[in-house]
Every structure is written in structure tokens, then in C-alpha cells.
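Subject: Structure for you, with notes

Hi,

Here is the structure I promised to send over.

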Amino acid sequence: MTESTAAAPGTEHPGAVTVRVPAKVNVQLAVGGRRADGFHDLANVFLAVGLYDEVTASPADRLDLTVAGADASLVPLDSDNLAYRAAQLLAARYGIEPRASLHLAKDIPVAGGMAGGSADAAGALVACDALWGTNASQDELLKICAELGSDVPFSLLGGAALGRGRGELLTPLETGGTFHWVFAPAEGGLSTPEVYGECDRLREAAGSGSGVDAVPDPEPSGTLLDALRTGDAVALAGSLSNDLQEAAVSLRPALTDTLRAGLAAGALASLVSGSGPTCAFLANDSEAATEIAGALLASGTCRTTRIATGPVDGARLVDRTDS
Ligand code: C5P
């Protein structure tokens, strides 16, 4: 892949365009009460990590979609796919026909709590914008991202950011270094609405209520933001939190074994990534990450492991073919 510059504004691109988009882990996911619209207000601290999907948009007579990768059979190929919807929405915004053949090369776990679907949506937007020469501003792209899903704006932006509202209102965060992670995708995914629903159910069962009046407003942790800013992995490990973890573990009790195995293998901390079921382990350095990944696999508590560092850039054009 070669990095390349964007086409001249307003110029339709004659060849294929490829965009690389990272996964995310939530280093803090504070979940407020259930709002009247069904969503939950969040203090959501996102970190983009170097596991990538690639989205290629090629000229075509109409919109179609193909998917490759280990979990490709789990990915919808119609308008249930966020990448497909992203292309439709961009075309509608500019009053053009969505003529593109989209190909997703997936490496981010599907339905794993690492924003793989959101990554594909952000990637499709950037790729179609370049292919069609619509030349949308970043603000315009971020607005379309927010219509597609709560995590999609962050997939476009990358780096580290605090998400407020339902996660779509982003403030970029300063980071002071690179953090080393091991990820353990689970067998099969979890549905995000089901995990939020389970979180509400557990709150109700505990007698505290699950509405906005019953649950304290979610706030970002100052200690965690300091740890990100200074690049202090030990301090970050001490302040990681995910209010959806209990719900994900309630729906998938075996995750407890995976989380414990990573800690026993020397991880500084372990937590469920977003709505899960992927488990994330923070390591001291790259050697520790390799050791933890090996020990986790040997423990038999996960199907595979992946090593990645963050923060990394969001959706970026990596290749275009002029033919
Ligand atoms: O925005 P997105 O399409 O990713 O949300 C999927 C589902 O996750 C929503 O329909 C809702 O059930 C739940 N959700 C939520 N609060 C959020 C984000 C998502 O309840 N802040």
C-alpha cells in the first residue's frame, strides 16, 4: 500500500480507492441512565488501536458490497451493513446515485465491541467521498457518521477522544505515548442493544432504577485522562473502567475466565472492550504483550489473540489505482 494525496476537489476519481480504518477500545465507558429515546448518555473515552479493516470503493453502475476475512460470513451484505448505508447517505446528501462497488477486507473482530461495523462505515464514507469527488468537509463527514451510529464519528477521527452524548460528540484527547494491548476475541459476537438492555435490567434488579433520574450523570475520570496524557500505562491500568462489563459478563459468563487468565499472565489490567465480548489486556511493553498473548492462547479461554498498540490514526486513504 502506498500513502497518497487526495484528488483535486470536485473531481470524480477514475479508479479504485482504499481506506484503512482502525478498531477501538474504550478505556472508560461510563453509562448514564436510559434516555427517553432508548439511548444512554455516556462518558466514553475511546482509543484507536492498530487492528484494521480496509474498505475499497471501485467504480460501478450501482451499489454493491463484498466482504472478505475470517468472520466474513457473519457480515450482512445489504442495507443492514453500515458501510452500505454510509455510501447511500453520502450520495443522498449530494444528490447523486450511489454508484460504487464496496469491498471490505475485515481484520477487526465482527460484533466484538471493537467498532468493526463503525470502522467500515467511516471507511466507506471516506472512500466514496474520494471516488465520487464529493469532497465533503470533515465536519460534514462527522455529521453523516453520527447519523450512522454512535461510534462511527470516532472511527473517522481516530487517536484518542472523549465521546459525550450517546458517544458521538467528540473532544480529541492528548496522549503522551503508545499503549500496548492484547485482545482476545470470543467465539461469536454480542449485540450492542442487548448488552445495554442487560445493563438496564441489572440496574433495575439491584433496585437502583435504570432511567436518567436514577443513574448519576456519567463523567470522565480525571486520573484516566492524566494517565493518557502522560502515557503512564500503570496509571491507565488503575483507572480503566467499563460500566457495560457486568452486563457483557452476565450474557457471556465465560468471559470471567478469559479476563482472569490475562491477569494471571501478567497483564496490568483486563477489561471487556465496549459492549464485548472481546476482552482487552493492557501490557507494560511489547515483550509483555507477546507473553500475555501466548499465555492466553495456552489457557484455552479464547479462540485467538491479537496484539496492537494505540493511539493510531482514524480512517485514512492508503491507496488509489488510476485505471
Ligand atoms: O448508535 P448505535 O447504532 O451504535 O447503537 C446501537 C444500539 O446500542 C442502540 O440502538 C441502543 O440500543 C444502544 N446504545 C445505547 N446508548 C448509546 C449507544 C448505543 O443505548 N449511547
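Let's start with Glu 291, which sits in helix α10; helices here are DSSP runs of H or I with at least four residues, strands are runs of E with at least two, and both are numbered from the N terminus. Glu 291 has 58% relative accessibility, so it counts as exposed (exposed is over 50% relative accessible area, buried is under 20%, partly exposed is in between, using a 1.4 Å probe and protein chains only). Ser 210 is 81 residues away from Glu 291 along the chain, and their C-alpha atoms are 40 Å apart.

Before you go further, a word on the ground rules. This is a predicted model, where local features need pLDDT of at least 70 and side-chain atom pairs count only at pLDDT 80 or more, while totals for chains, interfaces and linings use all residues. Residues are numbered from 1 along each chain as its sequence is written, and side-chain values use heavy atoms, with hydrogens and water left out.

**Helix packing**

Two packed helices are described by the angle between their axes and the distance between the axes. The axes are lines fitted to C-alpha atoms, for helices over the stretch in contact, and the angles run from 0 to 180 degrees between N-to-C directions.

Back to α10 (residues 286-299): helix α9 (residues 255-264) packs with it at about 140°, the axes being 9 Å apart. That makes α9 oblique to α10 (under 35 degrees is roughly parallel, over 145 roughly antiparallel, 65 to 115 roughly perpendicular, and the rest oblique). Their crossing is right-handed, a term for the near helix being turned clockwise from the far one by less than a right angle, with anticlockwise giving left-handed. Which residues of α9 and α10 meet? From α9 they are Thr 258, Ala 261 and Gly 262, and from α10 they are Ile 292, Leu 296 and Ser 299; contact means heavy atoms within 4.5 Å. By class, that contact of α9 with α10 has three nonpolar, three polar and no charged residues (Ala, Val, Leu, Ile, Met, Phe, Trp, Tyr, Cys and Pro count as nonpolar, Asp, Glu, Lys and Arg as charged, and the others, Gly among them, as polar).

Then there are helix α2 (residues 116-132) and helix α3 (residues 138-148), which pack at about 140° with their axes 10 Å apart. α2 passes α3 in a right-handed crossing. On the α2 side the contact uses Ala 121, Leu 125 and Asp 129, and on the α3 side Leu 141, Ile 144, Cys 145 and Leu 148. The class count for α2 with α3 is six nonpolar, no polar and one charged.

In α3, the buried residues include Leu 141, Ile 144, Cys 145 and Leu 148, along with Glu 140 and Ala 146. Among the elements that cover the buried residues of α3 are α1 (82-94), α2 and α4.

**Aromatic pairs**

How many aromatic pairs does a search of the whole structure find? The search gives two, where rings of Phe, Tyr and Trp (its six-membered ring) pair if their centres lie within 6.5 Å, and planes under 30 degrees apart are stacked, over 60 edge-to-face and the rest tilted. Phe 46 and Phe 154 are stacked, at 4.6 Å centre to centre and 10° between the planes. This pair links distant parts of the chain, with Phe 46 in strand β2 (residues 40-58) and Phe 154 in helix α4 (residues 152-157), 108 residues apart. Phe 46 and Phe 154 are both buried. For Trp 181 and Phe 183, the ring centres are 6.0 Å apart and the planes are at 15°, so this pair is stacked too. Trp 181 and Phe 183 are buried as well.

- Gly 276 to Pro 277 is a cis peptide bond, with omega near 5°; Pro 277 is in the loop between β9 (269-272) and β10 (279-283).
- Gly 310 to Pro 311 is also cis, with omega near 10°, and Pro 311 is in the loop between β11 (306-310) and β12 (316-320).
- Ala 115, in the loop between β4 (100-105) and α2, has a positive phi near 65° and is buried at 12% relative accessible area.
- Asn 135, in the loop between α2 and α3, has a positive phi of about 50° although it is not a glycine, and is partly exposed at 45%.

Cheers
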